[in-house]
Amino acid sequence: MATAASSTPDYFTRKVSTGRIRPTLSGIQNASSPHTPFNRSLSSFYNSPSSGFRNDDENNVVIELGSRFMRIGMAGEALPRCIMSFGPDDHHRVGDYRQWMPGYNTRRKRKRGEEWGQDHELWRNDVRELDLGLVEDKLERAARKADGEVLMLDDRKKRLTVILASVIARPLLSVTLSTLFNIFQAPSITILPSPIACAASSGLRSALVLDIGWAESTATAIYEYREICQRRSVRAARTISEAMAELLDEECTAQAKGPIEVSFEEAEEVLTRLAWCKGNGDDRREDESQDAPQTILLPLPPSEPSTTLEINFSRFSEPAETAFFGENGDISSYDAHDLSLSRLLYNALLALPVDVRKVCMARIVITGGVSNIPGIKARVIEELKLLVKCRGWDPIRNYGKATKRANSNPRERNDNTAVRLESNVTESSDTDDGTAEESNELHQPAVAAAFVPQEQDPILERLAERAAKQAPPTVEGRIRAVETLGAWAGGSLMAALRIKGVVEVERESFLQHGLAGASKEKEVSSKAAQRQSLGPGARSAGAERASWTLGIWA
Amino acid sequence: MAQVFPYTYYSCPCVESSSTKPNAVQSAPQEAAPFLEDEEENTFDPRSPRANFSLYPIEHLLYCTDCHQIRCPRCMVEEVVCWYCPNCLFEVPSSTVRSDGNRCTRNCYNCPICTSILSISSLEKPTEGLTPNDAASDAAKAPGGPYFLSCPFCQWSSLEIGIQFEKHFNLTSQLQKIIRGDTHRLGSVTDLASPRGEEMEGEIQGRASVASVEDTAPLPIQGDTETLFTNLYNFYRAQLSELSDANPYSLSSDYSFASPSSITRLMNLYGSGGRTKKDRPKPIREAAEFSEGQKVSNPLSEKENIDRIRSVGWEGTASVEQRLQQCREDVGFVDELRPLATLLRTKKSKRCKICRQILSRPESKVSTNRYKIKLLALNNIPKITMRSLNAQPAQHPSFPMQATAPGSDEASTLKPLVPTHFLLTITNPLFDSIKVTLATPSTTPGCVKSKVTILCPQFDVGANTDVWDEALSSATDRSSKRQSQMLSAGPDGGSLTGIQAEAGKVWERGRNWTSIVVEVAPGSLPDSIGHVTLGDDAQGDGGAALDEDEDVLEIPIFVRLEYETEAGGDDGGAAHARKEDAGKEKREEAFWAVLGVGRIAG
Ligand SMILES: [Zn+2]
Ligand SMILES: [Zn+2]
Ligand SMILES: [Zn+2]
Ligand SMILES: [Zn+2]
């Protein structure tokens, strides 16, 4: 089940091994009656929240933390109760009411030396240039505000579930935990990896989760609730936001509205409201709806009297094109960290063992803020289908003259080979038997990987047999996308069902030792749990919490 | 910043003991922290991004009389005393908050477009505009017929999204029914349809045609999200209970795999080997269809949305803020926004985080603003104010806080490189006289370096005794000589060369206040021609244009107080207090303050 080591950026203090399978979650459900009818159907907005299954002696809070937003709410509800942002307007001094003053100028210049949108970030994973104190300040204020003005919980004990990216720098994890412990005064915090929460909120046990985040997009393969492989690309929300700003700048200049620099907020507004994504090779859409207006009027740039910018509707699909799909430029200089979204998915699938792949490919879950841009999901899937159709599941993209390829481990080359669809067939035909065989496969690439005969693994076979007996027929071997309610909803479900994660941090021991207090062995708590639950009596409260672990965040 | 000049901010000392310090594994670059390490004593940098989080106007601060320290919201813990709706002012019991959530369950709704309070009107007599609760109270007068919510500001109406009410009270339950009915409709449609392929497409088209009919509410998204979530929850729940039914004694017969609903079992495929099939509990399966919470993506709905954006344009799409308000990021269009029940508010009591002393406790009645306890910093910490010496106060000097007319642009615009004198006044709220020591870095931190000199950094401020004492005694130390000098300087006098503020001398003194002179030579902005005093960091960046508010002159001042007071009886937590004989006790307090003086002219 080993997969290729993921390409982790150098800033992680330890290498994250995604090559082995580990239990990510384990736990015991509280012995509440499993038959309590679930009788709510609306969120707290409409005032019939989860009383049906909310445990009455504690407040079950679920927090999802990303680099730009914090979603926070109560377990068992479909929607978070609030979404906090980390923009400059959230970071004024207390008593500074400028943003509510009439005539407050929202057009903000970028500060010296700041990257695009940097002042809207809570953190970035590169902690070398990060002021952790500032991260704490921001997080503290947002969490305090959410707690005091939105949740407004009574003084019952709080149970906290925090959903975090599965790779996060340790100092950030440390700051997050200490701040949340400090504000919520919770006895313990459960940490859930967001890809698993996403899978849970799409009803899946295995999935390939594409999370288009702010700073990077990650494709995480999950098999039976375990993360088994992760691939990342820097093409993410920041890329498309910048592309949108460029487009707007261009249009402003072209329409002689003066060379204004579009602010981050303006670009984001336009991106959220108007951006869309074309289908693959789909230019016919232009003529499709003749009756609909072809241009859109934007109230930009803001001025008195108000001016408008008239932009062709099709232009709003360009940022997505360049940010997520464009593979322009020299393909040989193609950066492994700069993969288009479809290729990112393809690479992640390619790195999976065949039987896992056939399950995951039928369970592609696309999430992240910009995945709501209409057309993106469809496009990613279309392109992925095309890639698979053209290429099959041969990890080698270009054999070139390499006759030694039979000896080399194909996995090592996953990420660094260039895309050259047409040439690889011809070039590889003049080599030895093995290659010829391979090239035959290349000639019939339409065979889906799942049906390519592969080595028989008796154990897996037996497992599959068993699974087939128990589970209803499952969809496998074809590419299919499944909707998710998002990581927060997944966390909300799991917290409401009282499913505990492996990573449960105890307040006392954390405050005493920090992250260093975590047991080094990643799986200690699941093993311990197994041992301890030999019988109901064998479980002593003291021993139960003797050690905790950081799990995949170790 | 962006406050009316001059202003004073106080820095709560709790940042220094912030919790990240001990746990921070990696060393963060220190120059970003508000305390610069360059001098032997740390200097507070009001420019640092962190400073915004530790500076407060004094009105926002409380004071712990046990710890003898300022307490900011960060170093207080809050407890909810009561919940109430800010619109109808009804108190909501905690049990209701628990069961019904954090929003008003009466008839208070906010506009989804502009967030103002919606009013309820009758379709029969559309002119009648009543607030929901008025309508509820005098039901007899209210007109009949279907009602709707409308916004008095932006003219939004619930009719736009197809919501109308039969009764003008109990809107919440009616709205629930409307939404639930909608959910049911969608749910049943989807239940029948297989979630795959053509049938799905057919369903989407069917829904679109339903939505186009005028009288049905186009509310698909919320219904979908909620239904999906509910289905999913029920599915998991059923799966988990199936498991526990299958193995009622599993706790003792098997390892944790058998404990009900352990997620270990949810994913038991890779569980420990060596167990026979019989022992192995059945893993829960994945959701298979919409009724179980699984929904296969449909590219058609995305295409539909694209066409919709094209036809509705900018105005028809929901703004970022509106989306965040609804907490639904998948909402795309204005007509998918719904009225939001008004968020409740709370009254809270506040305690010191260190010693748990109650710092403030409001009266629990919603209608009053009174507090049973409120330990204001204002009553315990000297108030520091600053004003230009040029601007003549019209008021009696005994009330120095009311000095200059606030916000007069002229007074707050500073000429670069021209030394200007400011009057710094410290007012003592304590009943003991205090000894004040001020310190400030000679040049202000940041890229515009201004020179600051406190002419008299050490002085006493009298006790806050009875006001009549002052009135009766003529012994205020106000010197008439200086008074006349000030007048002679005139309002136009840019420089004060005529009256020399003497170093080491107090300028003016009152009963419980003392004024001293601070000389400030504002630095010049990097853009201005001639003398450019750029900071090192700015040069590194090529001295680009200034960032927001970098032209504001803010002076960090370290304030240290010493005073003797009656030894408090149970004064346990007095870190700064030293017992002396004769029941007197010496106290020391210290904090940073930031004085916003004005904007430097470019
Ligand atoms: Zn504080
Ligand atoms: Zn109300
Ligand atoms: Zn409105
Ligand atoms: Zn205290």
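The model is predicted, so local features need pLDDT of at least 70 and side-chain atom pairs pLDDT 80 or more, while totals for chains, interfaces and linings use all residues. Residues are numbered from 1 along each chain as its sequence is written, chains are lettered from A and ligands numbered from 1 in the order in which they are written, and side-chain values use heavy atoms, with hydrogens and water left out.

**Stop 1: ligand 4.** You will find the SG atoms of Cys64(B), Cys67(B), Cys352(B) and Cys355(B) at 2.1 to 2.3 Å. The angles at the ion run from 98 to 116°, which makes the arrangement tetrahedral (four donors, all angles between 85 and 135 degrees). Along the chain, the spacing is C-x2-C-x284-C-x2-C. Cys67(B) sits in the loop between strands E5 (62–64) and E6 (69–71) of chain B and Cys352(B) in strand E13 (residues 345–352) of chain B, so this pair ties together parts 285 residues apart in sequence. Helices (H or I, at least four residues) and strands (E, at least two) are DSSP runs, numbered from the N terminus. Both Cys67(B) and Cys352(B) are buried (under 20% relative accessible area, 1.4 Å probe, protein chains only).

**Stop 2: ligand 2.** Next, select the zinc ion held by the SG atoms of Cys85(B), Cys88(B), Cys104(B) and Cys108(B), at 2.2 to 2.3 Å. Its donor angles of 102 to 115° make this arrangement tetrahedral. Here the donor residues are spaced C-x2-C-x15-C-x3-C. Cys88(B) is buried at 13% relative accessible area, and Cys104(B) is buried at 2%.

**Stop 3: H4 and H5 of chain A.** Select residues 237–254 and 264–274: these helices pack at about 100°, with axes 9 Å apart (lines fitted to C-alpha atoms over the stretch in contact, angles from 0 to 180 degrees between N-to-C directions). H4(A) and H5(A) are therefore roughly perpendicular (65 to 115 degrees). Leu248(A) is among the H4(A) residues at this meeting, and Val270(A) among those from H5(A).

**Stop 4: the cores.** Both Leu248(A) and Val270(A) are among the residues with the most contacts inside the largest nonpolar core, which has 68 residues (buried Ala, Val, Leu, Ile, Met, Phe, Trp, Tyr and Cys joined through side-chain atoms within 4.5 Å). A second, separate core of 46 residues includes Tyr56(B) and Ile557(B).

**Last stop: H8 of chain A.** Select residues 341–350, where 10 of 10 residues are buried.

Notes
Buried means under 20% relative accessible area, exposed over 50%, partly exposed in between (1.4 Å probe, protein chains only). Donors are N, O and S atoms within 2.8 Å of the metal (3.2 Å for Na, K and Ca); water is not among the atoms, so sites may look incomplete. Four donors count as tetrahedral if all angles lie between 85 and 135 degrees; four count as square planar and six as octahedral if opposite donors are over 155 degrees apart and all others between 65 and 115; anything else is irregular. Angles under 35 degrees count as roughly parallel, over 145 as roughly antiparallel, 65 to 115 as roughly perpendicular and the rest as oblique. Contact means heavy atoms within 4.5 Å.
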